[in-house]
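Below are some notes on one helix and on the charged pairs in this model. Please read them with the structure open.

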Amino acid sequence: MNPAPAVDADITLLLRQWSDGRDEAFRELLSVAYGRLRLIANACMSHERPDNTLQPTALVGELYLRLAGAKLADWKDREHFYSFCARAMRWILTDHARARAREDRRIQRLLPLTPGIRWLGERKEDAFDLDRALSRLEEIDPRKAKILELRIYLGCTAEETAGVLNLSKATVDRDVRFA
């Protein structure tokens, strides 16, 4: 779907005006170029995972924000502009994927302390992660580390842990939640 020659000329003119510092030209440019930018966003998104939370419209919106915050560029022509926009959309998708991966890693590092604690041993790194976490906790709060050792490694109930450490069950429950 090629834009009409009049639209091409409008885009080139608006790019020059925007390069010269006319802010209104930027807004006009995006309204004229929106359809093509949306097609580029659809093409970029076609290579993404189906569960990606970013949609083509949001991708164009993110592009708009980045373009608005960028320094003025010396645009050669509309193809230069569209090529840059396609590249910028790929950068946005890459940034989005990196953020999602960081969040996934952060979530995986959270150790769920539930009564069953079935997660221990699901991965070979689990024992190391737990040992490292308990060692760090022991430096900060030795009592909480001891409570977790009794609960996790010895399988003590909250009542048994309270009895061993001469604490109330409420204190044990509170310390487990806090830890």
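1. A salt bridge here is a side-chain nitrogen of Lys or Arg within 4 Å of a carboxyl oxygen of Asp or Glu. The model is predicted, so local features need pLDDT of at least 70 and side-chain atom pairs count only at pLDDT 80 or more, while totals for chains, interfaces and linings use all residues. Residues are numbered from 1 along each chain as its sequence is written, and side-chain values use heavy atoms, with hydrogens and water left out.

2. By the salt-bridge rule, the count comes to 11. Side chains of opposite charge can pair when their charged atoms come close. The points below take up some of these pairs.

3. R36 and E79 form a salt bridge, with 3.8 Å between the closest N and O atoms. R36 belongs to helix α2 (residues 23–45) and E79 to helix α4 (residues 78–109), so this pair ties together parts that are 43 residues apart in sequence. Helices (H or I, at least four residues) are DSSP runs, numbered from the N terminus. R36 is partly exposed at 22%, and E79 is partly exposed at 33%.

4. R143 and D175 meet through their side chains in a salt bridge of 2.8 Å, N to O. Helix α6 (residues 142–152) holds R143 and helix α8 (residues 169–178) holds D175, so the pair ties together parts that are 32 residues apart in sequence. How accessible is D175? D175 is buried, with a relative accessible area of 3%, whereas R143 is partly exposed at 37%.

5. D141 and K144 also form a salt bridge, at 2.7 Å from N to O. D141 is buried at 19% relative accessible area, and K144 is buried at 9%.

6. A network of salt bridges links E62, R66, D95 and R98.

7. Helix α3 (residues 56–69) has 14 residues and reaches 20 Å from its first C-alpha to its last, close to the 20 Å expected at 1.5 Å a residue. That expected span is 1.5 Å times one less than the number of residues.

8. Which residues of α3 are buried? They are P56, L59, V60, L63 and L67. Seen down the axis of α3, these buried residues fall within an arc of 95 degrees, so they line one face of the helix; the arc is that of the directions from the helix axis to the C-beta atoms. An α-helix has 3.6 residues a turn, so residues three or four places apart point the same way. The face of α3 turned away from the buried side carries the exposed residues L65 and G69.

Key. Helices (H or I, at least four residues) and strands (E, at least two) are DSSP runs, numbered from the N terminus. Buried means under 20% relative accessible area, exposed over 50%, partly exposed in between (1.4 Å probe, protein chains only).
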